[in-house]
Amino acid sequence: MDLKLASRKNKKKTIVDVDGIKIGEELVVIGGPCAVESEEQTLKAARAVKAGGGKILRGGAFKPRTSPYSFQGLGLKGLRILEKAKQETGLPIISEVMDSRDVTWVAEYVDILQIGARNMQNFSLLKEIGKTKKPTMLKRGMYSTLEEWLNCAEYILSEGNPNVILCERGIRTFESYTRNTLDLSMIPSVKEVTHLPIIIDPSHGTGKLSLIEPMAKAAIAAGADGLMVEVHPNPKNAKSDQQQQMTPEQFKKFMKNINALDNFING
Amino acid sequence: MNNKLLKQIRKNIDYIDKKIIHLLNERMENALKASKVKDAIEDKSREKQILAKISSKEGNLIDKEFTLELYKSLFDESRTLQEKGLKLIGFQGAHGAYSEMAAKNWNKKLVSIPCDTFAEVFEGVKTGLYDYGILPVENTLGGVVGTVNELLMNDDELKIVGAIEQPIEHCLLYPEAEKFRDIRKVYSHSQAISQCKRFLERNNLEPVKYYDTAGAAKLVAEEKPEATGAIASSLAAELYDLEIVKQNIENVSNNRTRFFILSKSAQSQQGDKCTIIFSTAHKAGTLFNVLSIFADAKINLTRIESMPSGTGNYSFFLDFIGSIKDEKIQKILKEVQDNTENYRFMGCYKERSNQ
């Protein structure tokens, strides 16, 4: 692999500090709704994430959707709702940026920028994000190899932003029972070739509520640096991803179970 | 029915209504100012003069009788307002300025009147147009407001009757927040621009200096210059119907401005802070001698500021904790006066902090 800055040869470990939360050092759980739909829904989800012991709040304001007629997100209004949720709960915010023109503006509101799977190889977006120093979570494209993925991380690093976090969210295979195939073999593979931390998204990775906890546990066992899961106060009425968002009660139980495993493995 | 067209027309009407209310308010403010300098509230000859003027200027849709009726009820309202004996406070800037927010927080019963410059506020209090004037003296980020301290230094008439600290939270305002990508230029007061320098740089926005933050908001709202936003308070957003793109855009979060409230007569209530101004002779240790008077008496100094006053000389501003009604303080000030030149007691007042 022709990597310069992302290669493990140059650096042992990257720890990304977000408001004192050290990604790469401790198991960090990111939770929150797929999309910011309203202030009430987001605040409720944020409180549930906080109560369950989640460290960072997720929520999409700009949504990449397969169909142009699907809900596209609340935009700036969504970012302002996330800001309010942060003021109330103290949870740092992660949200996706899709347009290179929006990078600095979204960065004003969030603590971690997210690059979605569909934008993994949007090179102008990667370069724009590289110019900021904002922590950035780069999701793996659904048709991408490890090498392609890490080359995208290299784009951000080479522009001067060292705060890159990788996120495995499942890839396309012929299997249709699950939404994607969550490729957990990427955790040890990433650790072999790069120093960047890796987070696992079992919500998108499986698309099935019943599979989230088992896969989260498998991810911890394989050495993941964190998890990202979807939490919604009322998943049945969600505007997107109804099948994979946890209720506040489910999230609480989930956290209890994975924390027990994390304590067992990592002490 | 053409809904889209009707919607646009109604939007225009709403805009005109808002303007009418703003202008009516401005007219009333001027009537109140006039009441401070004329002998009697009612002036029949002036009313006649106004009616004659406006009836010669009627638009083709407006009936003469209608205008006369309208103005008669305006005169009535104006008289009622003037009879209330409202107290006025002058502030620099347009409505929605941070100075006005501080004035409202100091005493919400006062009618705040906008002025273009600090000097205009100062002169207005001196001539009796305003009962009070509010002026910024220092800011946690921008430092001393030089022009105001200069005005205070060169005056021997006005007294400080109050002080208040106001948190300053700058917002980026634009007619439609969702179109934030279009913004290229930002109008605001030079202090606000320097306090938000990093935000402007990060987002590649070109700052343009203007006389006031709220004035900049007003300009953006009324003239809608292309791709132009304003930095001002959230109150200004509300007043001028602008949307907030981003709140709290200042470089450092603890951004506060301290204001003095000035009046012609010293305040009678118990104060807990005093301000004096003096200069010292060009000899070694003169300033030290003055400061040691306070140190020996264990009096806490809260501000010391120096201002150049002409060729090579400096004036000093000193704030300290204590009341002028306290005999110990009176004794100390006598001693200070004996050891300084151009000594002046600026006032004893209550310091207030607004969270």
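This report describes a predicted model of a complex that includes chains A and B.

## Confidence

The predictor assigns the complex an ipTM of 0.80 and a pTM of 0.79. For chain B the mean pLDDT is 89, and 98% of the residues in chain B reach 70 or more.

## Contact between chains A and B

Seven residues of chain A are in contact with seven residues of chain B. On the chain A side, helix H3 (residues 103–109) supplies three residues, the largest share. By class, the side of chain A that touches chain B consists of three charged, two polar and two nonpolar residues.

## Helix H9 of chain A

Helix H9 of chain A runs over residues 248–266, 19 residues in total. From its first C-alpha to its last, H9(A) reaches 26 Å, close to the 27 Å expected at 1.5 Å a residue. The residue that follows H9(A) is Gly267(A), with a positive phi near 65 degrees.

The buried residues in H9(A) are Phe251(A), Phe254(A), Met255(A), Ile258(A) and Asp262(A). These residues lie on the same side of H9(A) because they cover an arc of only 105 degrees around the axis. On the face turned away from the buried side, H9(A) carries the exposed residues Glu249(A), Lys256(A), Ala260(A), Asn263(A) and Phe264(A).

## Overall build of chain B

Chain B has 355 residues, of which 34% count as buried. Its secondary structure comprises twelve helices and 15 strands. Taken along the principal axes, the C-alpha atoms of chain B fill a box of roughly 85 × 60 × 35 Å. Of the contacts in chain B between residues at least 6 apart in sequence, 70% join residues at least 24 apart.

## Domains of chain B

The domain assignment divides chain B into domain 1 (3–83), domain 2 (88–167 + 256–353) and domain 3 (171–247).

The centres of domain 2 and domain 3 of chain B, taken over C-alpha atoms, are 31 Å apart. Eleven residues of domain 2 of chain B are in contact with 16 residues of domain 3 of chain B. On the domain 2 side of this contact, five residues are nonpolar, five are polar and one is charged.

## Individual residues in chain B

Asn342(B) lies in strand S15 (residues 341–353) of chain B. Asn342(B) counts as partly exposed because it has 14 C-beta neighbours inside 10 Å. Leaving aside neighbours within four places in sequence, Asn342(B) is in contact with Phe278(B) and Ser279(B). Ser315(B) is 27 residues from Asn342(B) in sequence, and their C-alpha atoms are 8.6 Å apart in space.

Asn204(B) sits in the loop between helix H8 (197–202) and strand S8 (206–209) of chain B. With 9 C-beta neighbours inside 10 Å, Asn204(B) counts as exposed. Asp241(B) sits in the loop between helix H10 (234–239) and strand S10 (243–247) of chain B. Asp241(B) has 14 C-beta neighbours inside 10 Å and therefore counts as partly exposed.

How values were computed. Residues are numbered from 1 along each chain as its sequence is written. Chains are lettered from A and ligands numbered from 1 in the order in which they are written. This is a predicted model: local features need pLDDT of at least 70, side-chain atom pairs count only at pLDDT 80 or more; totals for chains, interfaces and linings use all residues. Two residues are in contact if their C-beta atoms, placed from the backbone, lie within 7 Å. Helices (H or I, at least four residues) and strands (E, at least two) are DSSP runs, numbered from the N terminus. Ala, Val, Leu, Ile, Met, Phe, Trp, Tyr, Cys and Pro count as nonpolar, Asp, Glu, Lys and Arg as charged, and the others, Gly among them, as polar. pLDDT is the predictor's confidence in each residue, from 0 to 100. The expected span of a helix is 1.5 Å times one less than its number of residues. A residue is buried if 20 or more other C-beta atoms lie within 10 Å of its own, exposed if 12 or fewer, and partly exposed in between; C-beta atoms are placed from the backbone. The arc is that of the directions from the helix axis to the C-beta atoms. Domain bounds come from an automatic or database domain assignment.
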